[in-house]
Amino acid sequence: GLEEEHHRMKELAMTLQTCAELQGPWTEVQKSILLRDGRSYVAAMEAHLDKEEDVVFPLVYGHVPQSQLQIIENKLEEVEHQYLRSGTTPKLIKLAITLDRKYAGQPQQQPARPRKVTHEPL
């Protein structure tokens with residue numbers, strides 16, 4: 001479920017952070033771990049966001065009174081702004097994409113900007 005996905009993404013983010021903090025040349029094993037976990041993090045985050053958009057938010061909009069939706073949306077936006085201001089997620093995503101391209105031999109390109117999730121009532 002979503003709780004397990006959150007836990008897995010936190011584990012992957014910690015691995016990526018540890019890799020980012022390594023000093024000196026990386027071993028082939030470290031590079032392999034970074035690529036594997038970086039790809040897993042990006043894929044898990046995309047799947048998680050899709051699940052929220054396709055399942056969670058339609059359920060919420062179908063069962064929560066409109067007066068409460070605005071309160072929830074305001075709180076979610078506040079949390080999202082704090083999270084983005086911290087820079088952790090955008091930095092990890094950029095790091096994962098950049099390192100994947102570098103070590104997988106793909107040409108360097110600017111990573112896509114994080115998508116803004118919009119929540120429309122059904």
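**Fold.** I started with secondary structure: the protein chain has 4 helices and 0 strands. Read along the sequence, I get α-α-α-α. Helices here are DSSP runs of H or I with at least four residues, strands are E runs of at least two, and numbering goes from the N terminus.

**Ground rules.** I'm working on a predicted model, where local features need pLDDT of at least 70 and side-chain atom pairs count only at pLDDT 80 or more, while totals for chains, interfaces and linings use all residues. Residues are numbered from 1 along each chain as its sequence is written, and side-chain values use heavy atoms, with hydrogens and water left out.

**Surface and contacts.** I looked up burial next: 22% of the 122 residues in the protein chain are buried. Buried means under 20% relative accessible area, exposed means over 50%, and partly exposed is in between (1.4 Å probe, protein chains only). The chain exposes about 8800 Å², with carbon and sulfur atoms supplying 57% of that. Those areas come from Shrake-Rupley with a 1.4 Å probe. I also checked contacts (heavy atoms within 4.5 Å): of those between residues at least 6 apart in sequence, 65% join residues at least 24 apart.

**Core.** Which residues make up the largest nonpolar core? I find 10 in all: Met-9, Leu-12, Ala-13, Leu-16, Cys-19, Trp-26, Leu-34, Tyr-41, Met-45 and Leu-99. Helices α1 (2–20) and α2 (28–63) are the elements that give two or more residues to this core, and α1 has the largest share with 5 residues. By nonpolar core I mean buried Ala, Val, Leu, Ile, Met, Phe, Trp, Tyr and Cys residues joined through side-chain atoms within 4.5 Å.

**Salt bridges.** I searched the whole structure and got 5 salt bridges, each a side-chain nitrogen of Lys or Arg within 4 Å of a carboxyl oxygen of Asp or Glu. I went through some of them.

- Glu-5 pairs with Lys-51, closest N and O atoms 2.5 Å apart. This one links distant parts of the chain, from helix α1 to helix α2, 46 residues apart. Both ends are partly exposed: Glu-5 at 22% relative accessibility, Lys-51 at 32%.
- Glu-28 pairs with Lys-31 at 3.2 Å between the closest N and O atoms. They sit 3 residues apart in helix α2, so about one helical turn separates them. Glu-28 is exposed, at 60% relative accessible area.
- Arg-36 meets Asp-37 at 2.9 Å, N to O. Buried or exposed? Asp-37 is buried at 5% relative accessibility, whereas Arg-36 is partly exposed at 49%.
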